[in-house]
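This report goes through one protein chain, from its annotated spans to a single residue. The sequence and structure come next.

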Amino acid sequence: MLDTVLHVAFRSGNNETVDEILKHAPELLVWDNSNGDTPLHVAAKAGHIATLKKLLQFILHTNGRRSLFAFLGHVNNQGNIMLHEAIISGIGAEIFQHLQEINHDNDDDDNESGTTRSHVFKRHWIHLEDEHGRGPLHYAALKGYHEGVVLLLGQCMKCCIKWDRYGCLPIHLASCGGHVEVVKLLLHSCFDSIEMLHIFGRNILQWKA
Ligand SMILES: [Zn+2]
């Protein structure tokens, strides 16, 4: 795999090296390796939380939110955005939490009202989709990431009725992974009325049959 020096530094989680590179060659941040991974993907795959947080802060403070969205939405050759790789490597909840903190930290430093900006940011990062039509909640459900599912549902309940390209809801993916607690959580949070069960329950049962 063809990596830049930043990919190598991020894979190793060496923060001193990362600092040096960001100081002297920040343009390397936008370079993909041969797998279409940005340095963000590499750090997420390796599960380096501190390195990932450092990079997110760096992008936000040097280039602003718009640029951060662009980075977060970058898809690699497997069709995964960085958030999905973070969930797969088991650090999804920490990264979700960090994005929330960034959100609150920056509510005051914009011309728009904090509320408006906060809303826009939330809408962006939790609704980023990959080429499979899956967002963070699909992946958190698939991995049985209970804490992540709680956090995401706290931001937007409607995500639990978002179908991916294969006709799966997050609850189908949780069910597929055998994550009973996440299935219960999604069931109780999103499918609590008879009408909802009538509309969606049939599909949940069919999918498992
Ligand atoms: Zn949503």
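How far apart do the end C-alpha atoms of residues 166-187 lie, and what percentage of the span is helix and strand? The distance is 20 Å, with 68% of the span in helix and 0% in strand.

## Basis of the model

The model is predicted: local features need pLDDT of at least 70, side-chain atom pairs count only at pLDDT 80 or more, and totals for chains, interfaces and linings use all residues. Residue numbers start from 1 along each chain as its sequence is written.

## Annotated spans

An unreviewed UniProt entry carries the annotation "repeat: ANK" for residues 35-57 and 166-187; such annotations may be inferred rather than shown by experiment, and their positions are given in the numbering used here. In residues 35-57, the end C-alpha atoms are 24 Å apart, and the span is 74% helix and 0% strand.

## Overall make-up

The protein has 13 helices and 0 strands, where helices (H or I, at least four residues) and strands (E, at least two) are DSSP runs numbered from the N terminus. Of its 209 residues, 36% are buried. A residue is buried if 20 or more other C-beta atoms lie within 10 Å of its own, exposed if 12 or fewer, and partly exposed in between, with C-beta atoms placed from the backbone.

Of the contacts between residues at least 6 apart in sequence, 66% join residues at least 24 apart. Contact requires C-beta atoms, placed from the backbone, to lie within 7 Å.

## Helices α1 and α2

Helix α1 (residues 5-12) and helix α2 (residues 15-24) have axes that come within 8 Å and cross at roughly 155 degrees. Axes are lines fitted to C-alpha atoms, for helices over the stretch in contact, and angles between N-to-C directions run from 0 to 180 degrees. The two helices are therefore roughly antiparallel, a term for angles over 145 degrees.

On the α1 side, Val5, Leu6, Ala9 and Phe10 meet Thr17, Val18 and Ile21 of α2. These contact residues comprise 6 nonpolar, 1 polar and no charged. Nonpolar covers Ala, Val, Leu, Ile, Met, Phe, Trp, Tyr, Cys and Pro; charged covers Asp, Glu, Lys and Arg; the others, Gly among them, are polar.

## Val149

Val149 lies in helix α10 (residues 146-155). Val149 counts as buried because 28 C-beta neighbours lie inside 10 Å.

Apart from neighbours within four places in sequence, Val149 contacts Leu137, Ala140, Ala141, Val182, Leu185 and Leu186.

Methods:
Parallel < 35°, antiparallel > 145°, perpendicular 65-115°, else oblique. Contact = placed C-beta atoms within 7 Å.
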